[in-house]
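I opened my notebook to look at how the parts of this protein meet. Come along and read the entries with me.

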Amino acid sequence: MNLPRFADVVVIGAGAVGAACAYFAAQAGLRVAVVDRGPIAGGTSSACEGNILVSDKEAGPELSLAQYSQTLWRGELAEFGHLWEFESKGGLVVSAKPGTQENLTRLAARQRNVGIDVELVDAANLKDYEPHLANGMAGGAFYPQDAQVQPMLAAAHLLRLARGMGATVHTNTKVTSFVRQGDAVTGVVTSQGTIAAPAVVNAAGTWGAAIAELAGVDVPVLPRKGYVMVTEPLPELVRHKVYAAEYVDNVASSYAGLQTSPVVEGTRGGTILIGSSRERVGFEKSVNPLVLAEMANKAIALFPFLADVLALRSYSGFRPYCPDHLPVIGPDPRAPGLWHACGHEGAGIGLSVGTGALIAATLTGTAPAMDLSPFAPERFDSLRQEAHA
Ligand SMILES: Cc1cc2nc3c(=O)[nH]c(=O)nc-3n(C[C@H](O)[C@H](O)[C@H](O)COP(=O)(O)OP(=O)(O)OC[C@H]3O[C@@H](n4cnc5c(N)ncnc54)[C@H](O)[C@@H]3O)c2cc1C
């Protein structure tokens, strides 16, 4: 399809977040053009697990965004759930030691205070949830709201639905610079031509910093690498998303070195997905078998039957990581006309739809459903000034 010369809003990035922005902006009546340098969901949205989690988040702005996103996945988007294989599978967090279970109990209490459904599980009852779990665990917590989607299908169908409302989608179209009028962003220059638009949304995920730089502003999104291993199909052996309680600490940590913690989950197709690893090694793509071995050993400690199971393949991706672990969402006062919707780290699939709805609200001058100040693009400038004061 030819590139339009004008749009009300250009969305850069056809991953889950860009697709959700396009969907809600088109629904709000805006003429939307989505551009991506590659295919639909060719970035991190095709290198992840697609969980929609509340369990792994402390009470705070990210959890509030996760709750808002849950209302959309389960509310107005529920009629499309079958398209992206929405599965309300629930999450089981497991503690190997009594001290870990005490911490998990405190986390669960804080989450319950802000409206999360969570049931503490005694050691004796863990196998009611997961019959093949290792013996000797100290306890756990079950989160019925944790869910999963197939992330590439979610991105593709949100874009298809947006197209049905008038949006256009242009793959193999790389943004190379912005059209400017003074400080203001008034369009994009791409490898296929120029689109004039009063609003441009940077939904370039882990590459959001590079897009911001094209506009002369700093948004410090960095790659945080992670692997996923996929087993042969073994339906029903793992019923939920199951992970060790230490995973929550690793998610929240800013450590740049390698961290692994066991995450094991069954999928509709029968394969079992095994995670997780985190490390900041730039955009280094090579496969390190030692990381995979560490992940496998920890998964076997959680589910001993995995020792005899074939891993068919592995893949890796780069989570879009911000130093304060919060995404960047909203208009950028340093470059009027530029919006950001990037930096969702390991939660961008779950948080995509809430982000899209919030972006659409601000694009149309409607009050957003939640306070956007914790996600402000310019927040890092003031942090940096404080650090230098
Ligand atoms: C191992 C792993 C497991 C994960 N598990 C989960 C999970 O279970 N649940 C969850 O919610 N999240 C998970 N995540 C995180 C999630 O994958 C990301 O947060 C999410 O995919 C980000 O989506 P996005 O649309 O912002 O970015 P992307 O999907 O990366 O899309 C950005 C797009 O921008 C395009 N782009 C970049 N530069 C340009 C340019 N100059 N011009 C045009 N287009 C450009 C890219 O081609 C890309 O398609 C995981 C990540 C990893 C690595």
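Entry 1: I began with polar contacts and found 6 residue pairs, both at pLDDT 80 or more, between domain 1 and domain 2. A polar contact here is a pair of N or O atoms within 3.5 Å; within protein, one must be able to donate a hydrogen and the other to accept it, and residues adjacent in sequence count only if both atoms are side-chain atoms. By class, the side of domain 1 that touches domain 2 has 5 nonpolar, 7 polar and 1 charged residues. (Ala, Val, Leu, Ile, Met, Phe, Trp, Tyr, Cys and Pro count as nonpolar, Asp, Glu, Lys and Arg as charged, and the others, Gly among them, as polar.)

**Entry 2: ground rules.** I noted that this is a predicted model, where local features need pLDDT of at least 70, side-chain atom pairs count only at pLDDT 80 or more, and totals for chains, interfaces and linings use all residues. Residues are numbered from 1 along each chain as its sequence is written, and side-chain values use heavy atoms, with hydrogens and water left out.

**Entry 3: where the domains lie.** Domain 1 covers 9–48 + 151–221 + 324–388, and domain 2 covers 91–144 + 222–321; such bounds come from an automatic or database domain assignment. Their centres, taken over C-alpha atoms, are 30 Å apart. To the contact (heavy atoms within 4.5 Å), domain 1 brings 13 residues and domain 2 brings 15 residues.

**Entry 4: buried area.** I looked up how much area is buried between domain 1 and domain 2: about 1,100 Å², with 60% from carbon and sulfur atoms. Buried area is the accessible area (1.4 Å probe) that two parts lose on being put together, summed over both. In domain 1, Thr206, His325 and Glu345 lose the most area to domain 2, together 47% of what that side buries.

**Entry 5: salt bridges.** How many salt bridges does the structure hold? I found 9, where the term means a side-chain nitrogen of Lys or Arg within 4 Å of a carboxyl oxygen of Asp or Glu. Between domain 1 and domain 2 the count is 1. Arg224 pairs with Glu345 in a salt bridge, with 2.5 Å between the closest N and O atoms. I also found Arg31 and Asp8 in a salt bridge, at 3.3 Å from N to O. Arg31 lies in the loop between α1 (16–27) and β2 (32–35) and Asp8 in the segment before β1 (9–12), so this pair ties together parts 23 residues apart in sequence. (Helices are DSSP runs of H or I, at least four residues, and strands runs of E, at least two, numbered from the N terminus.)
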